[in-house]
Structure formats: C-alpha cells, structure tokens
Amino acid sequence: MHPMLNIAVRAARNAGDLIQRSSNNIGKLTIDQKSRNDYASEVDRMAEQEIIKVIRAAFPEHAILAEESGEHQGNDYVWIIDPLDGTTNFLHGFPQYAVSIALKLKNKLEIGVIYDPQRDELFTAERGGGAMLNNRKIRVTKQASMRGALIGTGFPFKTMEHIEPYLGMFKAIAADTAGIRRAGAAALDMAYVACGRLDAYWEIGVKEWDIAAGVLLIQEAGGVATDFSFNDKYLQSGNIIVGNPRMHQLMYHAIAPHVTDKLK
C-alpha cells in the first residue's frame, strides 16, 4: 500500500473507532449549530483532531483543509478531511455516516479513503491504482439507461435558494428510474456509486471535504465526475454529477434544462 494511503487508512480507522465508542453516549454530547441545518458535535472535533494527529506525525510539512478547524498551512500536499460526514444521521442514531479523507497534490487528487465504522467498510483509492472495498477491487455499474437505475442524491436543505431548480431535476430523473435514495452522507453516496450500489448521484452545494475522496474513488472505479457545466470545477462549486460514463451522460442531459446561471 502507498505510504500516504496507509496513513490515511490509519487515521480513518482511528477516527472511526472514536466515533463508534461515542455512539453509545449520543445523548450526553455537546452539539453546536454552525448554520441553518448544519450541526457539529464534540465527536466531530475529536475525530478531526485524531486524524490531524496521525497525519502530522507522518507528514508535518503537509497542509490540511478540515471541516471543523479550517485551513492549516503547509506545502503543496493538502489533506482534505471530513471527520464525520453525516453528523445529523449520527446524532439521531441513523446508521449512515462515514469518515472521509483525501489528499491533493497541486490540485490533483492522489489518495481517497472513506471509512464506514458501522459496517467496517473501508473504501480506498490511489491515482492510477484503482479503487478497493476492503481490499477487493470495485467498479462502477454497467447500467446504460435511466430505466431500472438507482440514483443517489442530497437535498439542498441548508439553503432554499436552489430548491426550485433542484425539484425540477428531481422530477426529470425520478420519471424514469427505479428509485432515488437520499441517505444523508455524501461520502457514502459516492462510495456506493464507485462499488456499484448506486448507478449515479448528483447534489447541489456540497463542500470539498464531502466529495473529494469520493471523486477519486469513482474515477478509479471507471466512473465520471463533473459539475453541472460538464467541467471539473465540482470541488469549487459544490455542484456534482457522478456515475458510470453512460449514466453520467444521461444524468447531465436530464439535469441541464434546470440548471440556473448560479449553478453553472
């Protein structure tokens, strides 16, 4: 295993263990509301501190972008950390949350790790090295039509600014598919596209730490990721479509009529 991937795996597993130990005492946790419908608990912060500790011990010169503590300056390597993606799920005892860690070098994703501590599922990817689930190679599906496809999404619930275009997208996609799933953890949604549990996924306004590891997983599993303008600015805009090549194309054409200027 690549040394940097090995460190990411160790950090993710340590954070996952901490999260699982804390899941038995959810009622005693201190919870902060960062903004509308956006929460953080002391578990988010402790998990993030554990991840940063592991990374700093191995690579003290690397930069870090973390959801809770923000930017930590360093060199051209940047670790992108979401210590607990799906905090609201976790706080309600809803078993859909994960640790997400990615590494960029000069704006190219090099390493991606998503760890689901509930199921002990470890998704890993390294540039040019493929994508794995618990050391088994994974690939996106071969689904070639909307009919029969299972699609993941996330609701733009933190702000109502884009609710109308989102509902237009939802209606256009729901008309032909086998179903749409909204489970509340973007990192896992993307991991599920990479391993074939979902055929595609789209969302408006996600953060870089939500999707960075998932993007590399999908690309290394044979899939495609773009923003709503068919470009690669998804980490900047937070607007993303992913899927196998054919499903991505179909999703893009279904969504395109509902994309406003602000979403391009």
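Q: Where is histidine 248 found?
A: Histidine 248 sits in helix α8. Helices (H or I, at least four residues) and strands (E, at least two) are DSSP runs, numbered from the N terminus. This is a predicted model: local features need pLDDT of at least 70, side-chain atom pairs count only at pLDDT 80 or more, and totals for chains, interfaces and linings use all residues. Residues are numbered from 1 along each chain as its sequence is written, and side-chain values use heavy atoms, with hydrogens and water left out.

Q: Is histidine 248 buried or exposed?
A: Start with the scale. Buried means under 20% relative accessible area, exposed over 50%, partly exposed in between (1.4 Å probe, protein chains only). Histidine 248 has a relative accessible area of 2%, so it is buried.

Q: Which residues is histidine 248 in contact with, leaving aside neighbours within four places in sequence?
A: Contact means heavy atoms within 4.5 Å. On that basis histidine 248 touches Val224, Ala225, Thr226, Phe230, Ile241, Val242 and Gly243.

Q: How do I read the packing of α4 and α8?
A: Two packed helices are described by the angle between their axes and the distance between the axes. Axes are lines fitted to C-alpha atoms, for helices over the stretch in contact, and angles run from 0 to 180 degrees between N-to-C directions. Here α4 (residues 163-174) and α8 (residues 245-255) make an angle of about 130°, and their axes are 9 Å apart. Angles under 35 degrees count as roughly parallel, over 145 as roughly antiparallel, 65 to 115 as roughly perpendicular and the rest as oblique. The pair α4 and α8 is therefore oblique.

Q: Which residues of α4 and α8 meet?
A: From α4 come Met169, Ala172 and Ile173; from α8 come Met251, Ala254 and Ile255. By class, this contact has six nonpolar, no polar and no charged residues. The classes are these: Ala, Val, Leu, Ile, Met, Phe, Trp, Tyr, Cys and Pro count as nonpolar, Asp, Glu, Lys and Arg as charged, and the others, Gly among them, as polar.

Q: What is the order of the five strands in the open sheet?
A: Strands of a sheet pair through backbone hydrogen bonds, either parallel or antiparallel. Two strands pair if DSSP finds at least two bridges between them. The order here is β12-β11-β13-β15-β14, with mixed pairing. β12 (179-181) and β14 (224-226) are at the edges; each has a single partner strand, so one side of each lacks a neighbour in the sheet. The twist averages 15° from one strand to the next.

Q: In what sense does each strand pair run, parallel or antiparallel?
A: β11 (residues 150-154) and β12 are parallel, over three bridges. Glycine 152 stands opposite arginine 181 in β12. β13 and β15 are antiparallel, over four bridges. Alanine 200 faces glycine 243 in β15. β14 and β15 also run antiparallel, joined by three bridges. Alanine 225 stands opposite valine 242 in β15.

Q: Which way do the residues of β15 point?
A: In a regular strand the side chains alternate between the two faces of the sheet. In β15, Ile240 and Val242 point one way, Ile241 and Gly243 the other, and all are buried.

Q: Which strands does helix α6 lie across?
A: Helix α6 (residues 208-220) lies across β14 and β15 (240-243), at about 35° to β15. Helix α8 packs on the sheet too, touching β11, β13 (200-203), β14 and β15. The direction of α8 makes about 145° with that of β15.
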